[in-house]
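Visitor: Please take one part of this model and look at it closely. I would like the ligand site, with its surroundings.

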Amino acid sequence: MSTTATLATLSDSNLAADPNWWRQASVYQIYPRSFSDSNGDGLGDIKGITAKVPYLKELGIDAVWLSPFYPSALADGGYDVDDYRDVDPKLGTLEDFAEMSAALHQAGIKLIADIVPNHSSDRHEWFKEALAAPKGSAARERYIFRDGLGKNGELPPSDWDSVFGGPAWERITEPDGTPGQWYLHIFAKEQPDLNWANREIRDDFLKTLRFWSDRGVDGFRVDVAHALTKDLTEPLLSKAELTEANTGTDGFPDGSHPFWDRDEVHEIYAEWREVFNEYNPPRTAVAEAWVHATRRARYASPQGLGQAFNFDLLQADFDAEEFQEIITRNLAEAKATGASSTWVFSNHDVVRHATRYGLPMGGGVHAKGQDGKGWLLAGAPAEELDTELGLRRARAASLLMLALPGSAYLYQGEELGLQEVGEIPDAERQDPAFFRNKGVEIGRDGCRVPLPWATEGASFGFGAGDAHLPQPEWFSRYAVDAQDGVEGSTLELYRKALKLRRELQTAEELEWVETGNSQVLQFSRHGGWQSVTNFGAEPVELPAGEVLLSSGPLAAGKLPGNTTAWLR
Ligand code: GLC
């Protein structure tokens, strides 16, 4: 790790050229369809993002991560890509993209694009060709086709379930109209898995990486990075054999799972790294890899993607001991591998943390695999929800996170303290996880409802028309214009925290301070910056020093329960 670069604080001027800009960056995830709608069609778009660049600049983030914006039928919110090298016409054009990228860079903000290599959509040219071509053809070799079992191939090649529920194989109709082969889809049936053993697929993705890197993309978030390579040598293991050791998407600890986290996947990322290094500064990447903690480092290696998400805090309770263990372990791991740590509480796949923390601890998040349904998190049962407590804890947790070394990944709306939307009528839900699980799994729409920008008016200022997912009345309270300039609002808390973080953030070093109270976590950073969090309910004495910021009002000079303060 280069100490000179990482010890430098991240001011606008050195951010652009610094090859290490990502190490301590705060990255804001935009889910484009739900961020800002410039043309009133109910879907957020690229021009909408460009219009909000001043907002993003004022927020004080270092980078934007854009969830998929590619042409898509939205069978899985855009993670079903029709064409990897274009912009969805519903969202804009390549010119709009160039304008957005220029506006972000002008504001000193880097741009990270989501890339979805495990599967294309079933509308991709490749898949159409595969359906039109005969069995055994080169076109079929781009995907994973198999003959079915049973007398007439009427049974799927294995009994595997897809991550979204239902079978992981879909039967096609051959060009001559007869029932035919089956293709593998680990996710929805509109997301056929690509065959990464095929050199053509590998080369085409290298082309895609260059395509976006040439258009101002500074880094990539790699969707299900641990799924690409597969060993489907027959006989295929049964579902029971696969799930015995693992009910989620972690794979097997020795890398022998047929599709999750196989060692060969790193050969792909070594090639990607060569492409990233063609650029100056090199393009960065972060892996979405829900793998065993012991195997995460390989995705984050400098010869590979460079960084990998750690979802440990996201899956933890609001609990001092758990937080401390996770932070200590992840910092040690980052130090050992030369990557930087990543922290995240919310994203487009999970219940927002302001809501999770308002649910009974241990029950709010259904732990990965607990019910055999994989990594999706359950919806919030309204009766048990204390939104005020949830928000209080979320603010405390976020302030703690922003004092940690490493990259902090924020999800649009968390800076408003936004809650998960539970009250979406079944008929308006969009998530395939909801439909494929026949409503047992509530799905992820509740964290994807378009943002409220204004307390009043059409779609709370999201756009001129109705939003594509219904926004509840209570969204008004969380609107940007209700919080802008309001002392103590969540938005102002994030703005102040992000600004201070930019001034104070340094390399991967943290020292725990013994507090003598198991409910209170305190650590110090370079330059005397201290963060202290009271996970308990009773107020506690504050350590000595100047209070720079606190996640909630202090109580007669004390730090109240569920609150974080920064001091120096
Ligand atoms: C990732 C995405 C999720 C998507 C899935 C399939 O986990 O974060 O939203 O549904 O991959 O692409």
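**The ligand site in its chain**

Guide: The protein chain carries 18 helices and 15 strands (DSSP runs, H or I of at least four residues for helices, E of at least two for strands, numbered from the N terminus). Its radius of gyration, taken over C-alpha atoms, is 23 Å, close to the 24 Å from the globule rule for 568 residues, so the chain is as compact as a globular protein of that length. That rule is 2.2 Å times the number of residues to the power 0.38. This is a predicted model: local features need pLDDT of at least 70, side-chain atom pairs need 80 or more, and totals for chains, interfaces and linings use all residues. Residues are numbered from 1 along each chain as its sequence is written, and side-chain values use heavy atoms, without hydrogens and water.

Polar contacts are pairs of N or O atoms within 3.5 Å. A polar side-chain atom of Asp 76 lies 2.6 Å from a ligand oxygen. For Arg 221, a side-chain N or O atom is 3.0 Å from an oxygen of the ligand. Arg 444 likewise places a side-chain N or O atom 3.0 Å from a ligand oxygen. Taken alone, the ligand exposes 300 Å², and the protein buries 100% of that (Shrake-Rupley areas, 1.4 Å probe).

Note on methods. Polar contact = N/O pair within 3.5 Å; in protein donor to acceptor, adjacent residues only side chain to side chain.
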